Amino acid sequence: VKADFATQDAALELQKQQELEQERIRQQQIKAKQLEALKKQAKEWLEKLDPFSPEGLWFERFSESYPSKLEAAIEYLQNNE
(Lines give C-alpha, C1' and ligand atoms only; values in the text may rest on other atoms or scores of the structure.)
Protein backbone atom coordinates (compact mmCIF):
# COMPACT_ATOMS: atom_id res chain seq x y z
CA VAL A 1 0.00 0.00 0.00
CA LYS A 2 2.85 2.38 0.86
CA ALA A 3 4.44 1.74 -2.51
CA ASP A 4 1.15 2.64 -4.23
CA PHE A 5 0.97 5.93 -2.34
CA ALA A 6 4.60 6.68 -3.13
CA THR A 7 3.97 5.99 -6.81
CA GLN A 8 0.88 8.20 -6.81
CA ASP A 9 2.77 10.97 -5.00
CA ALA A 10 5.60 10.75 -7.51
CA ALA A 11 3.15 10.87 -10.42
CA LEU A 12 1.38 13.90 -8.93
CA GLU A 13 4.68 15.65 -8.33
CA LEU A 14 5.77 14.97 -11.90
CA GLN A 15 2.45 16.30 -13.20
CA LYS A 16 2.84 19.47 -11.10
CA GLN A 17 6.36 19.99 -12.40
CA GLN A 18 5.17 19.54 -15.99
CA GLU A 19 2.34 22.03 -15.44
CA LEU A 20 4.77 24.55 -13.94
CA GLU A 21 7.13 24.10 -16.89
CA GLN A 22 4.27 24.60 -19.35
CA GLU A 23 3.22 27.78 -17.53
CA ARG A 24 6.81 29.04 -17.57
CA ILE A 25 7.02 28.40 -21.32
CA ARG A 26 3.68 30.14 -21.86
CA GLN A 27 4.88 33.17 -19.88
CA GLN A 28 8.08 33.29 -21.94
CA GLN A 29 6.02 33.22 -25.14
CA ILE A 30 3.85 36.09 -23.87
CA LYS A 31 6.94 38.12 -22.99
CA ALA A 32 8.46 37.43 -26.41
CA LYS A 33 5.28 38.62 -28.15
CA GLN A 34 5.20 41.74 -25.99
CA LEU A 35 8.84 42.46 -26.79
CA GLU A 36 8.22 42.05 -30.51
CA ALA A 37 5.28 44.46 -30.31
CA LEU A 38 7.43 46.91 -28.36
CA LYS A 39 10.25 46.60 -30.93
CA LYS A 40 7.80 47.43 -33.69
CA GLN A 41 6.47 50.40 -31.72
CA ALA A 42 10.03 51.58 -31.01
CA LYS A 43 11.01 51.35 -34.70
CA GLU A 44 7.97 53.39 -35.68
CA TRP A 45 8.72 55.94 -32.94
CA LEU A 46 12.34 56.26 -34.12
CA GLU A 47 11.22 56.78 -37.72
CA LYS A 48 8.93 59.63 -36.65
CA LEU A 49 11.43 61.23 -34.28
CA ASP A 50 12.85 64.51 -35.55
CA PRO A 51 16.54 64.35 -34.56
CA PHE A 52 16.71 68.15 -34.33
CA SER A 53 13.66 68.57 -32.09
CA PRO A 54 14.20 68.97 -28.34
CA GLU A 55 13.01 65.39 -27.84
CA GLY A 56 15.28 64.15 -30.63
CA LEU A 57 18.30 65.93 -29.18
CA TRP A 58 17.49 64.61 -25.71
CA PHE A 59 17.07 61.10 -27.06
CA GLU A 60 20.41 61.27 -28.86
CA ARG A 61 22.14 61.87 -25.52
CA PHE A 62 19.96 59.27 -23.77
CA SER A 63 20.77 56.59 -26.33
CA GLU A 64 24.55 56.99 -25.98
CA SER A 65 24.65 54.52 -23.09
CA TYR A 66 22.82 51.79 -25.05
CA PRO A 67 24.21 49.36 -27.62
CA SER A 68 21.69 50.61 -30.19
CA LYS A 69 19.13 53.34 -30.61
CA LEU A 70 16.46 50.66 -30.90
CA GLU A 71 17.31 49.29 -27.46
CA ALA A 72 17.28 52.80 -26.04
CA ALA A 73 13.89 53.47 -27.65
CA ILE A 74 12.50 50.23 -26.22
CA GLU A 75 13.69 51.20 -22.74
CA TYR A 76 12.32 54.71 -23.12
CA LEU A 77 8.91 53.49 -24.29
CA GLN A 78 8.71 50.83 -21.58
CA ASN A 79 9.32 53.42 -18.89
CA ASN A 80 6.82 55.86 -20.34
CA GLU A 81 3.83 53.54 -20.75
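The model is predicted: local features need pLDDT of at least 70, side-chain atom pairs count only at pLDDT 80 or more, and totals for chains, interfaces and linings use all residues. Residues are numbered from 1 along each chain as its sequence is written, and side-chain values use heavy atoms, without hydrogens or water.

**Stop 1: H1.** Select residues 2-48, helix H1. Helices are DSSP runs of H or I, at least four residues, numbered from the N terminus.

**Stop 2: H1 against H3.** H1 and H3 pack at about 105°, with axes 9 Å apart. (Axes are lines fitted to C-alpha atoms over the stretch in contact; angles run from 0 to 180 degrees between N-to-C directions.) That makes H1 roughly perpendicular to H3, a label for angles of 65 to 115 degrees. Show the side chains. Leu35, Leu38 and Trp45 are among the H1 residues that meet H3, whose partners include Leu70, Ile74 and Leu77. Contact means heavy atoms within 4.5 Å.

**Stop 3: H2 against H3.** Select residues 54-62 (H2) and 69-79 (H3). Their angle is about 110°, and their axes are 10 Å apart. H2 and H3 are therefore also roughly perpendicular to each other. The contact includes Trp58, Phe59 and Phe62 of H2, and Ala72, Ala73 and Tyr76 of H3.

**Stop 4: the rings.** Which residues form one aromatic cluster? Select Trp45, Trp58, Phe59, Phe62, Tyr66 and Tyr76. The structure holds eight aromatic pairs. Rings of Phe, Tyr and Trp (its six-membered ring) pair if their centres lie within 6.5 Å.

Methods
Helices (H or I, at least four residues) and strands (E, at least two) are DSSP runs, numbered from the N terminus. Angles under 35 degrees count as roughly parallel, over 145 as roughly antiparallel, 65 to 115 as roughly perpendicular and the rest as oblique. Rings of Phe, Tyr and Trp (its six-membered ring) pair if their centres lie within 6.5 Å; planes under 30 degrees apart count as stacked, over 60 as edge-to-face and the rest as tilted.
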